[in-house]
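Subject: A structure for you to look at

Hello,

I am passing on a structure that I have been looking through, and I hope you enjoy exploring it. Please open it first and keep it beside you while you read.

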Amino acid sequence: MEMESIMEMLDELDDIIENGRKAPFSNRVSLDKEEVLNLIEEMRSKLPNEIKQAQWVIEERNKILIDAQREADQIVKNAEERLVRMIDENEVTKRAYDQAAMIIESAKKTAKEMRLGAVEYSEGILADVETRLQELKTVVYSESMKTDEYFGQTLDVLAENIQELRMSK
């Protein structure tokens, strides 16, 4: 939700630039500096929420890994208990060893798959958040550079106009 509002703010900044007063015979646009700076400040205030969301994803990933480890430990424990019970039976001991080993191996494989799945899921979420933050950073930087360039060009035009006025005296 926070990302949507930041994107909406970027759209609003784009509208401000597109709808600004155009200078005659040029590409330049006059903007309300306070309005643009307020909008940029509001976007900055939203960014920490994206970082909090990334932290939440990390915590959830850790919870998933802990749960997967607990389940794996329980499966291994159950398999070991079953193995002990089966050893007590004289005639079936060899079969019990084989079956217990397969159960333990299966439990280890299942636990590993669960951990890997949780890690991949978390990495995907974090990569997505990182990409969105990079895109946002690029857009904000680009718009900031355009605004700076615009003000520089406007100051150049003003200086030229002042020089022409002085020379026409």
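Predicted model: local features only at pLDDT ≥ 70, side-chain atom pairs only at ≥ 80, totals over all residues.

Leaving aside residues up to four places away in sequence, L13 touches V36, L39, M43 and E143.

**The salt bridges**

Next come the charged side chains. As a general point, side chains with opposite charges can pair when their charged atoms come close. How many salt bridges does the structure hold? There are four, and I will take you through some of them.

In helix 2, which covers residues 33-87, look for K63 and E60. These two form a salt bridge, with 3.5 Å between the closest N and O atoms. K63 and E60 are three residues apart in the helix, so about one helical turn separates them. K63 is partly exposed because its relative accessibility, 48%, lies between the limits of 20% and 50%. E60 is also partly exposed, at 25% relative accessible area.

Helix 2 holds another pair, D67 and R70. Their side chains meet in a salt bridge with an N to O distance of 3.4 Å. Are they buried or exposed? R70 is exposed, because its relative accessible area of 56% is over 50%. D67, with 42%, is partly exposed.

Now move to helix 3, where D128 and R132 lie four residues apart, about one turn of the helix. The side chains of D128 and R132 meet in a salt bridge, 3.5 Å from N to O. D128 is partly exposed at 37% relative accessible area, and R132 is partly exposed at 38%.

**A tyrosine on helix 3**

Y121 also belongs to helix 3, which runs over residues 93-167. Y121 counts as exposed because its relative accessible area, 52%, is over 50%. Y121 and R61 are 60 residues apart in sequence, while their C-alpha atoms are 7.9 Å apart in space.

**The largest pocket**

The largest pocket has a volume of about 340 Å³. Two elements give two or more residues to its lining: helix 1 (2-18) and helix 3. Helix 3 supplies the largest share, five residues.

To find the pocket, select its lining: I17, E18, K22, N27, R28, V29, L31, K146, T147, E149, Y150 and Q153. What kinds of residue are these? Four are nonpolar, three are polar and five are charged.

Happy exploring, and do write back with your questions!

Best wishes

Methods:
Residues numbered from 1 in each chain as written. Heavy atoms only, no water. Buried < 20%, exposed > 50% of the residue type's maximum accessible area, 1.4 Å probe, protein only. 1 Å grid on protein atoms, 1.4 Å probe; cavity = no way out; pocket = protein on both sides within 12 Å on 5 of 7 lines; lining within 4 Å. Points joined across faces, edges and corners; volume = space filled by probe spheres on them. Nonpolar A, V, L, I, M, F, W, Y, C, P; charged D, E, K, R; others polar. Contact = heavy atoms within 4.5 Å.
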